[in-house]
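Morning, everyone. Please look at the structure first, then we'll go through a few side chains.

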Amino acid sequence: MKLAGIFASLPTPFDYRGDLYMAKVRHNVEKWNRTQLAGYVVAGRAGEGALLSVEEKTRLWGAVREAAGPPLAKVLIAGLSFGSVREMVLLANLAADLGYHAALLPAPYCYAGRLLDAASQTVYLRAVADQSKIPIVIAHDPQAAGAGLPVRALADLAAHPNIMAAAEGRGEPEKIKQLVRECPPEFQVLAGAAGALAASLAGGAAGAILDLAAAAPYACISIYEAVRTREHEAAQDLQRRLAPAA
């Protein structure tokens, strides 16, 4: 499965009681369906996934799956929040049963010390990927995790048959270039920062997972298309215009 294009990390609407606002979920997705967004991340960081119960996540995933239209009209990625391996496997497999194509999995981020070293993070990510019914996209965000994985560790994870991509959330185009060079050709590297979108795509990123794409889809898509068609000056001009929002 290709992850080329712009993926919006969807916000989660709530009603005045603090419950999921399901009518608004469907309304929003129907509007995003009219864009050229490649797909959606549901219950990710922008969607407050860490604060949703399992029941809320599954309701939300189901509503977006239903509203997104025919299978593969949009690629659907289930956002997983950091928890135990058992919990993450359970959630990934629930999303698989609902028709999701991949799961976005962050590295551990709430324990200091040993769990933040590269070896421990790698064991955790592999353990989830071993048991997930759907491919894993690593959400690599050193600012959230407190410690990042070196390129070599990510390249080793890229060899896992059920880890298909990594989203580099820090906005470092040079690291994206390194990952593209050192990972297997079939492994996909995604940008994760709107502020460095043009440079990340020019450096070899196949696409991007962006919070901003939910609010400004056309601007993000325009940068992607400009880089794809090698109109790099236009891409840089569009990036400058996007800068205040990013």
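Is Asp-15 buried or exposed? Asp-15 is buried, because its relative accessible area is 18%, and buried means under 20%, exposed over 50%, partly exposed in between, with a 1.4 Å probe and protein chains only.

Quick ground rules. This is a predicted model: local features need pLDDT of at least 70, side-chain atom pairs count only at pLDDT 80 or more, and totals for chains, interfaces and linings use all residues. Residues are numbered from 1 along each chain as its sequence is written, and side-chain values use heavy atoms, with hydrogens and water left out.

Now the salt bridges. The term means a side-chain nitrogen of Lys or Arg within 4 Å of a carboxyl oxygen of Asp or Glu. The whole structure has eleven. Asp-15 pairs with Arg-17, N to O 3.1 Å. Arg-17 is exposed, at 54%.

Next, helix H2, residues 54–67. Helices here are DSSP runs of H or I, at least four residues; strands are runs of E, at least two; both are numbered from the N terminus. Arg-59 bridges to Glu-55 at 3.9 Å, N to O. Why can these two line up? They sit four residues apart in H2, so about one helical turn separates Arg-59 and Glu-55. Arg-59 is partly exposed at 38%, and so is Glu-55 at 45%.

Helix H11, residues 232–242, holds Arg-240 and Asp-237, three residues apart, about one helical turn. Their closest N and O atoms are 3.9 Å apart, in a salt bridge. Arg-240 is exposed at 55%; Asp-237 is partly exposed at 28%.
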